[in-house]
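Subject: The structure for you to look at

Hi there,

Here is the structure I said I would pass on. Please open it next to this email, and then read on for what turned up.

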Amino acid sequence: MVGSTHWIATASAQAVLERGGNAFDAAVAGAFVLHVVEPHLNGPGGDMTGVFVTAEAPSAPRVLMGQGPAPAGATIEHYRAEGLDLVPGSGALAAAVPGAVDAWLLLLRDHGTWDLADVLAYAIGYARDGHPLLGRVSSTISMVAELFQDHWPTSAARWLPDGVAPAPGTLVTNPEYADLLDAVVAAGSAAGSREEAIDLGRATWRERVGQAVEEFVGTPHRHSDGGDHAGVMTAADVAAFEASYEDATTVTFRGYTIAKTGSWGQGPALLAACKILEGFDDAALDPSTELGAHTILEAQKLALADRDVWYGDPAADDVPLTYLLSEDYAAQRRALVTGSASHEVRPGAVPGRPTPPVPALRTEYASSAPIGSLPGAPTGGAAAGVGEPTVEAPDTPEHTGATRGDTCHIDVVDRWGNMVSATPSGGWLQSSPAVPGLGFCLGTRLQMTWLDEASPSALVPGRRPRTTLTPTLVLRDGEPVLALGSPGGDQQDQWQLLFLLRVLVGGYTPQQAIDAPALHTTSFPGSFWPRTWTPGGAVVEDRLGDAVIAGLERRGHVVTRAGDWALGRLSAVTRDPATGLLGAAANPRGAQGYAAGR
């Protein structure tokens with residue numbers, strides 16, 4: 001079974017399963033297709049995180065770490081010297097070292113069964129022969145067309161071949177990227193083993209990408225602050241990165257084990273919210289009721305406050321994650337949930353540790369160029385190409401915050417019991433100028449770091465930014481039963497929490513849980529430039545109902561209605577260990593996600 005955010009990726013992954021490949025072969029094939037068919041939401045120059053289990057070790061969830069670090073030249077001093085008080089939201093100064101491709105190839109080498117050429121054939125085919133352009137890709141290109149024409153000529157050459165955005169449904173190609181993938185495959189043609197061939201392909205990828213990036217980003221170009229800056233990434237930065245595996249971080253909730261990334265991702269915030277909520281009665285855990293929606297929003301605020309104060313790359317600074325996820329600490333946090341909405345950021349204290357500073361709390365941000373006046377800025381004041389991209393419909397003129405922070409996702413389970421959930425992101429076409437010879441651009445994950453030495457998420461060379469990418473795996477009695485995830489930046493885990501509560505507590509089927517009305521809080525500093533917040537903010541789908549929404553407002557929530565079908569792009573796969581029966585579910589919003597299997 002496969003569930004993903006694009007039907008072509010789902011179909012490609014399912015084709016691999018039909019031909020005898022396992023879940024890892026299928027996930028890698030589908031992920032490379034996502035780079036091609038959803039270029040406004042992810043790209044080869046971006047990053048990814050995954051969580052998986054193998055049929056041989058079903059009780060041992062592992063994390064696939066594809067989050068690249070800050071380049072060696074990415075120092076706070078350098079950025080301040082450029083006149084910046086935040087890492088920009090677009091442009092090469094926001095780029096972490098690309099990590100997605102190396103991570104996918106590592107997973108294929110160690111846990112897949114197919115040869116590299118066969119797995120990449122799907123992506124190469126769609127890049128060379130073409131695929132129908134999504135309407136949202138066309139509208140995204142139109143939104144940033146002025147930016148491309150005036151400041152990013154390489155992106156204009158790539159996406160505006162006739163001076164205008166290609167119309168939806170146009171057959172578009174990416175021959176440069178197809179050539180690069182062909183070179184990656186060819187590098188291993190004389191290898192003595194499948195594994196050696198993949199490693200040779202990884203080396204070729206690093207060499208070609210690193211050289212092209214270093215040659216290009218040294219030229220100043222427009223960033224989201226309205227200024228022109230040169231990037232700092234070098235070939236040595238790209239060559240030094242290798243993806244890796246880590247043990248998953250887990251907690252128990254209602255008899256299930258939930259597995260997430262470590263504190264270099266936001267995943268533990270979902271675990272913290274689960275532990276806070278576990279002490280409430282089931283009646284307080286139904287997101288479709290006033291009480292449930294309120295309780296969940298308040299628990300999310302507390303978990304996200306700890307995320308923003310305590311989480312960071314533990315390689316650089318010990319993060320007290322065991323304490324933050326403990327039963328005793330959850331009980332302390334639970335006691336802070338009252339009947340009224342909090343308008344504060346309330347991180348907790350850790351015994352024997354000074355509490356790091358709360359990030360700057362801005363409801364507005366004034367840069368050297370007002371956001372709405374930046375080249376290509378859409379109506380509503382959100383700068384083009386910054387943050388994680390949105391998937392708002394072209395006829396939605398105002399930026400509601402409903403879909404801020406979007407990307408891609410894929411889940412796969414096979415007949416042997418291998419299961420993987422992965423969230424590829426970054427390197428979307430509007431994040432920075434296209435790099436000549438590669439067919440794609442760099443990502444912007446460093447905007448999640450702070451230019452503040454005291455923060456656990458401070459910008460430090462070699463340190464991973466605290467990513468929002470956060471897939472989920474659920475186990476019961478030592479067996480995987482559910483893999484899920486969603487695009488959505490700061491909302492990813494918030495929407496996944498609603499799904500988990502509805503499935504694990506409320507008895508919903510996965511598809512019913514995905515279809516149900518969604519909501520999230522914005523009452524915390526955003527992870528993306530310009531890092532503003534809405535005190536007490538709650539964004540809800542109108543289908544939650546007038547009575548529930550009015551009740552939330554009476555409790556003090558500052559509610560934004562997002563429309564009936566606006567929040568979340570969840571997908572999931574399931575497995576019943578007792579019968580071996582598999583399932584899948586996908587998001588109907590946007591008429592793009594797809595689940596398939598047999």
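Below are notes on the sheet, the cores and the aromatic rings.

Please keep in mind that this is a predicted model.

Six strands make up an open, antiparallel sheet, and their order is 9-10-13-14-18-19. From one strand to the next, the twist averages 20°. Five bridges join strand 9 to strand 10 (residues 256–260) in the antiparallel sense, and there you will find Val251 opposite Ile258 of strand 10.

Helix 16 (residues 492–505) lies across strands 9, 10, 13, 14 and 18, and runs at about 140° to strand 14.

Now for the nonpolar cores. The largest one has 81 residues, and Phe32, Trp104, Tyr177, Trp205 and Val412 have the most contacts inside it. Helix 2 (residues 23–37) gives this core its largest share, 12 residues. A second, separate core has 62 residues, among them Val350, Leu497, Ala518 and Ala538. If you zoom in on Trp205 and leave aside its neighbours within four places in sequence, its contacts include Pro44, Val101, Tyr177, Leu180 and Phe440.

How many aromatic pairs does a search of the whole structure find? The count is six. One of the pairs is Phe24 with Phe52, edge-to-face at 5.6 Å centre to centre and with 80° between the planes. This pair links distant parts of the chain, with Phe24 in helix 2 and Phe52 in strand 2 (residues 47–53), 28 residues apart. Phe24 counts as buried because its relative accessibility is 1%, and Phe52 is buried too, at 2%. Tyr245 joins Phe24 and Phe52 in a cluster linked by ring pairs.

Tyr177 and Phe440 form another pair: the ring centres are 5.9 Å apart and the planes are at 85°, so this pair is edge-to-face. Tyr177 lies in helix 9 (residues 175–187) and Phe440 in the loop between strand 12 (419–425) and strand 13, so the pair ties together parts that are 263 residues apart in sequence. Tyr177 is buried at 1% relative accessible area, and Phe440 is buried at 6%.

Finally, have a look at two arginines. The charged end of Arg158 sits over the ring of Trp159, 3.9 Å from its centre, while Arg531 lies over the face of Trp450, at 3.8 Å from the ring centre.

Enjoy exploring!

Best wishes

Key: Residues numbered from 1 in each chain as written. Predicted model: local features only at pLDDT ≥ 70, side-chain atom pairs only at ≥ 80, totals over all residues. Heavy atoms only, no water. Pairing = 2+ DSSP bridges. Helix = DSSP H or I, 4+ residues; strand = E, 2+ residues; numbered from the N terminus. Axes fitted to C-alpha atoms, helices over the stretch in contact; angles between N-to-C directions. Contact = heavy atoms within 4.5 Å. Core = buried A, V, L, I, M, F, W, Y, C linked by side-chain atoms within 4.5 Å. Buried < 20%, exposed > 50% of the residue type's maximum accessible area, 1.4 Å probe, protein only. Phe/Tyr/Trp six-rings, centres within 6.5 Å; stacked < 30°, edge-to-face > 60°. Lys NZ or Arg CZ within 6 Å of the ring centre and 35° of its normal.
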